[in-house]
Amino acid sequence: MPKIVFVCREGSDEPRVAASPESVKRLTGLGLSVVIESGAGLASGVRDADFEATGARIAGAGEVGSADIILRVNRPTAAEMASYKPGAVVFAVMDPYGNEAALADMAKAGLTTFAMELMPRITRAQSMDVLSSQANLAGYRAVIDASHEYGRAMPMMMTAAGTVPAAKVFVMGAGVAGLQAIATARRLGAVVSATDVRPAAKEQVASLGAKFIAVEDEEFKAAETAAGYAKPMSEAYQAKQAALVAEHIAKQDIVITTALIPGRPAPKLVTRAMLASMKPGSVAVDLAVERGGNIEGSEKGKVADVEGVTVIGYANVAGRIAASASALYARNLFAFIETMVDKGTKEFAVNLEDELVKATMLTHGGQVVHPNFAAAAIADETPVAAPAPAVIAIEEPAAAKPVRARKKPVADEAASNGDL
């Protein structure tokens, strides 16, 4: 019998869905039987009939118990896992850092689980890169949200009544989200500048028509590892960079921050004093608000007034473009699942020696198997908490220039060691 793939309906605070009509068609083409939970795609603009038209069967939540493969956006809660059969394979954004108790719970349930956000940045896995696909949309949406709150026009306009100056936009972090924010702001006619602690980011920023802002001393030139990640900077450098950034922010109309370090609180990049130096009516967008935020005073899920600046702290920013985000996420999932299906026999099997499996598998055979979390999961006996919406919009490594395919793994941790 073909393996049953069940696509879950997420909670009320998550509009995305882990499948699209296109991915359903391609999954069935692999010989898999796809079941969609009723209403799973409605918040993403996909009707049950749209899924049925491409080969899926619509069913209630109770049928997840017969599924061999379960596709989700967010990590399942303990209550949801109780209905999964032992041995089921679950793909989702698992948010494993700091949630070792939840990982232990998945192991006890006998589930084989994969954290899509741990996909390695290698050429083979580009089509599976959830962080990039979602962060790209988050960077775009950040500029749209900022322009909505900004009480002036973004482009320069020369009219008979006078000239409207272009908005000045400063992007902190030139990773996937940052580069897309730069490109989007430029398309809207803004004057754009950006900063990042990686020397390689300077060329990427310039290629999009933005000005690069950084203290470019000898320490900066050596601030990147061989793998493309940012090195921790000295306190002296951080002080010099902070002074330069503070001076620059005072002249900006819009600031967008994207810095995030996996497994750690988001670094504080913009202080209240910096916000107070900005002009009335200025806007700041904090894309790292779900991890504590880059901007002092930002509030998760809210638009706040901080020192006279409108600070946008929307959670799950990729989910604010649910239709596009779901379509891209579904393609990421399909690309990964496809590597586990034998094209000749149509059999689904997990190859424990595959480099992608090793990098993303969290639990298997009743144990937490990922080396980064196994020891902590065993030691942690705290109750399992329900997961927040997956922070797919925020991702730590950066992509290469958005208009070109990556030649090699490139990662960045912008502004203060991390980036969306």
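A salt bridge is a side-chain nitrogen of Lys or Arg within 4 Å of a carboxyl oxygen of Asp or Glu. Glu80 forms such a bridge with Arg72, with 3.2 Å between the closest N and O atoms. The model is predicted: local features need pLDDT of at least 70, side-chain atom pairs count only at pLDDT 80 or more, and totals for chains, interfaces and linings use all residues. Residues are numbered from 1 along each chain as its sequence is written, and side-chain values use heavy atoms, with hydrogens and water left out.

The protein chain holds 14 helices and 17 strands. Helices (H or I, at least four residues) and strands (E, at least two) are DSSP runs, numbered from the N terminus. The chain has 420 residues, of which 54% count as buried. Buried means under 20% relative accessible area, exposed means over 50%, and partly exposed lies in between (1.4 Å probe, protein chains only). Contact means heavy atoms within 4.5 Å. Among contacts in the protein chain with a separation of 6 or more, 67% come from residues 24 or more positions apart.

Side chains of opposite charge can pair when their charged atoms come close. The whole structure contains 22 salt bridges. In the pair of Glu80 and Arg72, the two partners fall into separate classes of accessibility. Glu80 is partly exposed, at a relative accessible area of 27%. Arg72 is buried, at 3%. The pair belongs to a network of salt bridges that links Glu10, Arg72 and Glu80.

A salt bridge also joins the side chains of Lys279 and Asp253, at 2.9 Å from N to O. This pair links distant parts of the chain, 26 residues apart. Lys279 sits in the loop between α10 (272–276) and β13 (283–286), and Asp253 in the loop between α9 (235–249) and β12 (254–257). Lys279 is partly exposed, with 39% relative accessibility. Asp253 is buried, with a relative accessible area of 6%. In the salt bridge of Glu299 with Lys302, the closest N and O atoms are 3.6 Å apart. Glu299 is partly exposed at 34%, and Lys302 is partly exposed at 47%.

Asp129 lies in the loop between β6 (112–115) and α5 (130–149). Its relative accessibility is 5%, so Asp129 counts as buried. The side chains of Asp129 and Arg121 are joined by a polar contact of 2.6 Å. A polar contact is a pair of N or O atoms within 3.5 Å; within protein, one must be able to donate a hydrogen and the other to accept it, and residues adjacent in sequence count only if both atoms are side-chain atoms.

The packing of α5 was then described. Two packed helices are described by the angle between their axes and the distance between the axes. Helix α5 packs with helix α11 (residues 322–338) at an angle of about 170°, and the axes are 9 Å apart. The two helices are therefore roughly antiparallel. Axes are lines fitted to C-alpha atoms, for helices over the stretch in contact, and angles run from 0 to 180 degrees between N-to-C directions. Angles under 35 degrees count as roughly parallel, over 145 as roughly antiparallel, 65 to 115 as roughly perpendicular and the rest as oblique. On α5, the contact is made by Val130, Ser133, Gln134 and Leu137. On α11, Ser324, Ala325, Leu328, Tyr329 and Asn332 take part. These residues divide into 5 nonpolar, 4 polar and no charged. Here Ala, Val, Leu, Ile, Met, Phe, Trp, Tyr, Cys and Pro count as nonpolar, Asp, Glu, Lys and Arg as charged, and the others, Gly among them, as polar.

Backbone angles were considered as well. Most residues other than glycine have a negative phi. Glu307, not a glycine, has a positive phi of about 55°. Glu307 is found in the loop between β14 (303–306) and β15 (309–312) and is partly exposed, at 41%. Asn316 also has a positive phi, near 50°. Asn316 lies in the loop between β15 and α11 and is buried, at 6%.

Ala214 is found in the loop between β11 (211–212) and α8 (218–221). Ala214 is buried, with a relative accessible area of 13%. Not counting residues up to four places away in sequence, Ala214 touches Thr195, Asp196, Phe220, Tyr237, Gln241 and Leu244. Ala214 and Gln241 are 27 residues apart along the chain, and their C-alpha atoms are separated by 6.5 Å.
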